[in-house]
Amino acid sequence: MLSLLRAVARPSLLRSPLATRSVLPALSLCALPTTFASAFHASTPAFRTLNQAMRRKRPQKKALSKAPLLDDNPQRKGIVMQVFTAKPKKPNSAKRKVARVRLTSGKTLQAYIPGEGHNLQEHSVVLVRGGRAQDLPGVRYKLVRGASDLGGVANRMTARSRYGAKKPKS
């Protein structure tokens, strides 16, 4: 059997007269599949041909949500459980205001409170949207200013709609 495998692995051995007499009868006795003789595998290769690749495109992988706890909603209502400050990542230095919020779905998350100053306390009703605070690890949500119990930013002149500030009387 060993001489049979050597003959299959190196066909140049079949040319010698000694190998022809000892191996050829063994080759004719056992019918080897052609794939085994060429690649030592019983199964066919798993590669697609170019024609198959052009006709059947691979299915696109669905992108994972960046705000999974919102369950594909733009915003969710929640109740504040705790308000605290957090320190940002390495090059920055500040005290970022963060709230732990329990959503109406029962899930708990940490949300960043944007803008200067806030009137949040425990049991306040807030609106949570997606969008992470870039220098706070694990904070993937923000609170909507000017909605429910969270007031808008006072004396805000630029980007007022982001911070729930009314237009000042001129």
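This passage describes the overall make-up of a predicted protein model and then two of its buried, positively charged residues, R145 and K142.

The protein chain contains 5 helices and 5 strands. Followed along the sequence, these elements come in the order α-α-α-α-β-β-β-β-β-α. Of the 170 residues in the chain, 22% count as buried. The accessible surface comes to about 12,900 Å², and 55% of that area belongs to carbon and sulfur atoms. Among contacts between residues at least 6 apart in sequence, 49% join residues at least 24 apart.

With this overview in place, the two residues can be visited in turn. R145 sits in the loop between strand 5 (141-143) and helix 5 (160-163). R145 is buried but has no salt bridge. Which side chain of opposite charge is nearest to R145? That is E116, at 9.3 Å; a salt bridge would need the charged atoms to be within 4 Å. The side chain of R145 does reach backbone oxygens, namely that of P114 at 2.6 Å and that of G117 at 3.0 Å.

K142, for its part, is found in strand 5. K142 is likewise buried without a salt bridge, and its nearest side chain of opposite charge, D135, is 9.0 Å away. Leaving aside neighbours within four places in sequence, K142 is in contact with residues including A111, Y112, L127, V128 and A133.

Notes. Residues numbered from 1 in each chain as written. Predicted model: local features only at pLDDT ≥ 70, side-chain atom pairs only at ≥ 80, totals over all residues. Heavy atoms only, no water. Helix = DSSP H or I, 4+ residues; strand = E, 2+ residues; numbered from the N terminus. Buried < 20%, exposed > 50% of the residue type's maximum accessible area, 1.4 Å probe, protein only. Polar contact = N/O pair within 3.5 Å; in protein donor to acceptor, adjacent residues only side chain to side chain. Contact = heavy atoms within 4.5 Å. Areas by Shrake-Rupley, 256 points an atom, 1.4 Å probe, with all protein chains shown as cover.
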